[in-house]
Amino acid sequence: MPRYFTDEHEWIDVEGETATVGITDYAQEQLGDIVFVELPDVGAILDKGGDAAVVESVKAASDVYSPITGEVTEANSALEDEPALVNSSADEEGWFFRMTLSDRDELEGLMDDKAYKAFVDNL
Amino acid sequence: MSEEPLVEEIALDPLPLDAWHRENGARMVPFAGYEMPIQYAGEHGGIVAEHNWTRESASLFDVSHMGQLGVSGDQAGEALEALLPGGITSLKEGRMRYSLLLNEEGGILDDLMVTNTGQQYGLVVNGACKWDDIAHLREHLPDAVTLTHYADNALLALQGPKAADVLGALVPVASELTFMKACFADWEGVPLWISRAGYTGEDGFEIAVPGKHAEKLANALTEDDRVNPAGLGARDSLRLEAGLPLYGHDMTDGTDPVSADLTFALTKKRRESGGWMGHEPVAAILANGPKQRRVGLLLDGRMPAREGAGVYAGDTKVGTVTSGGFSPTLGQPIAMAYVDITHTADGTALECEVRNKRLSATVSPMPFVPHRYFRGS
């Protein structure tokens, strides 16, 4: 299953017509202790690059953008009780939401694992 | 993901502990014109860990960005009393007091600590305000009074229930101080000015030290296993829990001391006698009551309300959050807000608006977490 990355530090796993979205380990490290995640409602239509979620750390609120256009099919309810999952497992258990993939071409501008690593190393 | 910057300023000179912070894994951010540690990396690092460590043991904060000033000369106390609403001449040697610099309109220019050092009056002012404070003091203090800026000094805050044991082991005289008292100390030939005070709500000290000796002192303190460094992030969440207002957020030159719920800083005798800048408008607010007052809000759920969030009673906007965040000690969001006076009674149910959602909030007495100052045994 290929994983893509945005320059806003979101990751997206694509499986068939469905995508899972989260933020990267680098992002959670930058944010610090996460105390609340506001997730999109199921059924919400997200635009590529548009607001999708909000992450509240102790010190600040940060926006998370949708890497692609699509409809939200599921939000990670585990984050309601345990937002710190984003800190401890940003790449896996701390995923944010699932959405439909409506336009495969939108994936083309995203980075792969190697490109993202190089991107972060240059920050 | 995007994050709003905490401050927009460009860093100027490195502070004495700049390299020390970087060696200790600090993440540095621009603050008050300097690069300051927001938090540290590693096992004990991160805002929540640093916050909790301060409440349980002791943390070392670098607050060298703050302005350390001296006011000396004939009638220096009287001269300060013309600018501050607190009793200064009545301050005994080795005693300190929280006070406010006010403008003619009664607006707060800065909040500060004043200490009678015996030689002079020592002032500690906010880093972001210090240049304006110096200009204000220069303009209004008489020529017979000398204002000195100790720009080469560092200021370290050791805060937490174990702070007294730690500092007492290095400088025995420190453990003899009680809250809001201060003294000079010699530590291995290094002159220190030690105050039993701070801005976390915990027992602790602020230690003024010549910048060239700051690393040695920071190392000596952190060599003790009970001490870890803590950054500005934890300092902010600690002071919020302690109900302590932050200048530029919970008070500005547009807020008066009564509305800011800092009436205790107006020494009783001087409320009537006056003779301080801003007295007339402040006395009128004291007599008539403020339109709004700074209150604490305890929020339901986990979503914090940040600075700028509207406060509502039903459909009516009755106030604005001036600082807010998540309380690590309480495990829920807390905030300070200016609220219309008719809605400020403890227990009043209000709502905060965050991203078009309404969060239930209750007016709550401050501090949110009890102070644990050492007032003597």
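Student: In which sense do strand 5 of chain B and strand 9 of chain B pair, and over how many bridges?

Tutor: This is a predicted model. In it, Leu69(B) has His149(B), in strand 9 of chain B, as a bridge partner. Strand 5 of chain B and strand 9 of chain B run in the antiparallel sense, and the count of bridges between them is four.

Student: Which residue in strand 8 of chain B is the bridge partner of Leu69(B)?

Tutor: Strand 5 of chain B is also joined to strand 8 of chain B. These two strands run antiparallel, with five bridges. The bridge partner of Leu69(B) in strand 8 of chain B is Leu123(B).

Student: How many helices and strands does chain B have?

Tutor: The C-alpha atoms of chain B fill a box of roughly 65 × 55 × 45 Å along the principal axes. Its radius of gyration is 20 Å, close to the 21 Å that the globule rule gives for 377 residues, so chain B is as compact as a globular protein of that length. Its secondary structure comes to nine helices and 20 strands.

Student: What percentage of the residues in chain B is buried?

Tutor: A residue counts as buried if 20 or more other C-beta atoms lie within 10 Å of its own. Of the 377 residues in chain B, the buried part is 49%.

Student: Which residues touch the most other members of the largest nonpolar core?

Tutor: The largest nonpolar core has 105 residues. Strand 10 of chain B, residues 153-159, gives the largest share of this core, five residues. The residues that touch the most other members are Leu80(B), Leu156(B), Leu158(B) and Ile207(B).

Student: With which residues is Leu80(B) in contact, leaving aside its neighbours within four places in sequence?

Tutor: Leu80(B) belongs to the largest nonpolar core. With the neighbours within four places in sequence left aside, its contacts are Val71(B), Ile88(B), Val114(B) and Tyr121(B).

Student: Why are the buried residues of helix 4 of chain B on the same side of the helix?

Tutor: The buried residues of helix 4 of chain B are Lys130(B), Asp133(B) and Leu137(B). An α-helix has 3.6 residues a turn, so residues three or four places apart point the same way. On the other side of helix 4 of chain B, Ala135(B), Arg138(B) and Glu139(B) are exposed.

Student: Is Pro142(B) buried or exposed?

Tutor: Pro142(B) lies in the loop between helix 4 and strand 9 of chain B. Its C-alpha atom is separated by 9.5 Å from that of Gln75(B), 67 residues apart along the chain. Because 12 other C-beta atoms lie within 10 Å, Pro142(B) is exposed.

Student: Which helix gives the most residues to the side of chain B that touches chain A?

Tutor: Between the chains, 19 residues of chain B are in contact with 19 residues of chain A. The elements giving two or more residues to the side of chain B that touches chain A are strand 1, helix 2, helix 7 and strand 17 of chain B. The most, three residues, come from helix 7 of chain B.

Student: How many of the 10 residues of helix 7 of chain B are buried?

Tutor: The buried residues of helix 7 of chain B pack against several elements, including strand 2, strand 3 and helix 2 of chain B. Among the buried residues are Leu232(B), Arg235(B) and Leu240(B). Helix 7 of chain B is mostly covered, and the number of buried residues is nine.

Student: What positive phi does Glu188(B) have in the turn of its hairpin?

Tutor: Strand 11 of chain B and strand 12 of chain B pair in the antiparallel sense over six bridges. In this pairing, Cys183(B) stands opposite Ile194(B). The two strands form a hairpin with two residues between them, and Glu188(B) in the turn has a positive phi of about 50 degrees.

Student: Is Ala32(B) buried or exposed?

Tutor: Ala32(B) is located in the loop between strand 2 and strand 3 of chain B. Although not a glycine, Ala32(B) has a positive phi of about 50 degrees. Because it has 20 C-beta neighbours inside 10 Å, Ala32(B) counts as buried.

Notes: Residues numbered from 1 in each chain as written. Chains lettered and ligands numbered in written order. Predicted model: local features only at pLDDT ≥ 70, side-chain atom pairs only at ≥ 80, totals over all residues. Rg over C-alpha atoms; globule rule 2.2 N^0.38 Å. Contact = placed C-beta atoms within 7 Å. Core = buried A, V, L, I, M, F, W, Y, C linked by C-beta atoms within 7 Å. Pairing = 2+ DSSP bridges.
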